[in-house]
Amino acid sequence: ATTTLVLGLSTLLADAFSMAGGEYLSAKAEDELLDEKAARRALVALEPSPFAKGVAMFIAFLIFGSIPLIGFVGSHAISHHLGGLADVEHSLVSIAVTIFALFALGALKSQFGKGSWLQAGGEVVLVGGGAASVAYFTALAADHVAERMG
């Protein structure tokens, strides 16, 4: 449990920083490509700075990226007070919380674009679930390799 929490937190912070840096560099490159006239129009439109976009991405990623860890920690806290849950049950609680949060994020996203909340929620669950699956199975493979080496 401690290893999962430490790795989860460190990965969350590293990913949030990476996403923020990518957003900053992307926004900065976009600004650099604008000619002077277009840059003035962007300022008039109060376009956020590349730094502000990077900070917003960091905060958003940190908040939504922490949801699986909250499910994991919450299931351990509940287990401590109600009696032991098996490791599989902790994982299932974390997965359920993550699916719910991803769906809610997609449903919220639908309020700012086209499409139904059901479709948008499902899309975010599929994409986010795919990303989570890649992370999970990569960690399993790395753990297997580390055990064979050590």
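Colleague: Taking the expected span of a helix as 1.5 Å times one less than its number of residues, what does helix α4 reach from its first C-alpha to its last?

Modeller: Helix α4, residues 67-82, has 16 residues and reaches 22 Å, close to the 22 Å expected at 1.5 Å a residue. Please note that this is a predicted model, in which local features need pLDDT of at least 70, side-chain atom pairs count only at pLDDT 80 or more, and totals for chains, interfaces and linings use all residues. Residues are numbered from 1 along each chain as its sequence is written, and side-chain values use heavy atoms, with hydrogens and water left out.

Colleague: What follows α4?

Modeller: G83 follows α4, and its phi is positive, near 115°.

Colleague: And which residues of α4 are buried?

Modeller: They are I67, L69, G71, F72, S75 and S79. Buried means under 20% relative accessible area, exposed means over 50%, and partly exposed lies in between, with a 1.4 Å probe and protein chains only. An α-helix has 3.6 residues a turn, so residues three or four places apart point the same way.

Colleague: Stepping back, how many helices and strands are there?

Modeller: The protein chain has six helices and zero strands. Both are DSSP runs numbered from the N terminus: helices are H or I over at least four residues, and strands are E over at least two. Of the chain's 150 residues, 17% are buried.

Colleague: Let us look at α3, then. Is K53 buried or exposed?

Modeller: K53, which is in helix α3 (residues 50-65), is buried because its relative accessible area is 18%.

Colleague: What is K53 in contact with, leaving aside neighbours within four places in sequence?

Modeller: K53 is in contact with E23, A27, E47 and P48, where contact means heavy atoms within 4.5 Å.

Colleague: Which residues make the nonpolar surface patch?

Modeller: Y24, L25, F51, V55, I59, I63 and F64 make a patch of about 660 Å². α1 (2-33) and α3 are the elements that give two or more residues to this patch, and the largest share, five residues, comes from α3. Accessible areas come from the Shrake-Rupley method with a 1.4 Å probe; for residues, only the protein chains shown count as cover.

Colleague: Why does I63 count as partly exposed?

Modeller: I63 counts as partly exposed because its relative accessibility is 48%. I59, also placed in helix α3, is partly exposed because its relative accessible area is 44%.

Colleague: How far apart are the C-alpha atoms of I63 and L12?

Modeller: They are separated by 9.6 Å, although I63 and L12 are 51 residues apart along the chain.

Colleague: And K28 with F51, C-alpha to C-alpha?

Modeller: K28 and F51 are 8.3 Å apart in space and 23 residues apart in sequence. K28 belongs to helix α1.

Terms used: Patch = residues over 30% accessible without salt bridge, like charges linked within 9 Å, V, L, I, M, F, W, Y side chains within 5 Å. Salt bridge = Lys/Arg side-chain N within 4 Å of Asp/Glu carboxyl O. Expected span 1.5 Å × (residues − 1).
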